[in-house]
Amino acid sequence: MQETWIFPPGLWEHNVTVLERLIHYLSKLPGLGKKSASRIAYYLLKADKTLTEALSRDIKDLKEKIKPCSICGNYTETDPCSICSDPGRDKSILCIIEQPKDIQAIESTHEYRGIYHVLQGAISPIDGIGPEELSFAALYKRIKTEPIKEIIIATNPTVEGETTALYLVKYLRETAIKITRIALGIPLGGDLEYADSITLARALKGRNEME
Ligand SMILES: [Zn+2]
C-alpha cells in the first residue's frame, strides 16, 4: 500500500502526531529536506486558516481536476487545453518539449505563439525508455492530420534530450516540415570554463551573427 511506503509501517496513524506526519510527507517533496519540511509545517500551524484550507483543497483537487490535454499532453482542467483551443495561436508551428512544465517556461518568455506537443519524457535506453514509452505515436498522428509547417525541438540539453532530438530529426527528415532546434548554450552570467561539452557544442552550433 502507498501509505506504508510513505510512512514507515508500525508508525502509521496512531503513533505519530499530525504535525509529525505532515513534516514527514513534506520532507518527501523535491528540494525539501527534514529541516525545511519542519519549517513549512510550523509556518502552516501559525498561518491563517484560509491559507491552510485553500492549500489542502487544491492539493486534493490536483489529481482529480487536472488531466493531460488530449491533443498536446499539457496539464489542464479543460480538454483541450487553453493553448490548443486558442484561435489566436499559430497552428502551423509546433514546439516539442519533454514535460508539461516546459510549456510554462516557454510561455513565460512571451516569444512563442505556436502550439505544443509534450513527449512526457525523453528517450533513455539506460532507463528502458524508448519512443514507444513516450507520446511519439500521437505526435506522428498530429503531423499527418494537422497543418504543421515548422517543428521546434525544445527537448532538454541533456544526453537524453539530445538523443530524442536526433531521433525526431531522423524521423521528420522524410516530411516537408521545417525543423529547428532551440539554440541552447551558455547561461547568462555563465563561464565557458565550467560549461560541459554538450552545452558548449550546442552553443557553438546555435551561434548568432552579431548585429
Ligand atoms: Zn493542449
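Is Phe136 buried or exposed? Phe136 is buried, with a relative accessible area of 1%. Buried means under 20% relative accessible area, exposed means over 50%, and partly exposed lies in between (1.4 Å probe, protein chains only).

## The model

This is a predicted model, in which local features need pLDDT of at least 70 and side-chain atom pairs count only at pLDDT 80 or more, while totals for chains, interfaces and linings use all residues. Residues are numbered from 1 along each chain as its sequence is written, and side-chain values use heavy atoms, with hydrogens and water left out.

## Domains

The domain assignment gives domain 1 (2-65) and domain 2 (87-205). Such bounds come from an automatic or database domain assignment. The centres of domain 1 and domain 2, taken over C-alpha atoms, are 35 Å apart.

## Aromatic pairs

The whole structure holds 4 aromatic pairs. Rings of Phe, Tyr and Trp (its six-membered ring) pair if their centres lie within 6.5 Å; planes under 30 degrees apart count as stacked, over 60 as edge-to-face and the rest as tilted. The ring centres of Phe136 and Tyr167 are 5.1 Å apart and the planes stand at 75 degrees, so this pair is edge-to-face.

Phe136 belongs to helix α6 (residues 136-145) and Tyr167 to helix α7 (residues 159-172), so the pair ties together parts 31 residues apart in sequence. Helices (H or I, at least four residues) and strands (E, at least two) are DSSP runs, numbered from the N terminus. Tyr167 is partly exposed, at 32% relative accessible area. Ring pairs link Phe136, Tyr140, Tyr167 and Tyr171 into a cluster.

## Nonpolar cores

Phe136 also sits in the largest nonpolar core, which has 17 residues. A nonpolar core is a set of buried Ala, Val, Leu, Ile, Met, Phe, Trp, Tyr and Cys residues joined through side-chain atoms within 4.5 Å. β3 (93-97), α6, β5 (150-153) and α7 each supply at least two residues of this core. α6 gives the most, with 4 residues.

Another core lies apart from it and has 14 residues, among them Cys69, Ile97, Ile103 and Ala154.

## The zinc site

Cys69 (SG), Cys72 (SG), Cys81 (SG) and Cys84 (SG) are the protein donors of the zinc ion, lying 2.3 Å from it. Donors are N, O and S atoms within 2.8 Å of the metal (3.2 Å for Na, K and Ca); water is not among the atoms, so sites may look incomplete. In sequence the donor residues are spaced C-x2-C-x8-C-x2-C.

The 4 donor atoms subtend angles of 104 to 115 degrees, which makes the arrangement tetrahedral. Four donors count as tetrahedral if all angles lie between 85 and 135 degrees. Cys72 and Cys81 are buried.

Note on methods: Four donors count as tetrahedral if all angles lie between 85 and 135 degrees; four count as square planar and six as octahedral if opposite donors are over 155 degrees apart and all others between 65 and 115; anything else is irregular.
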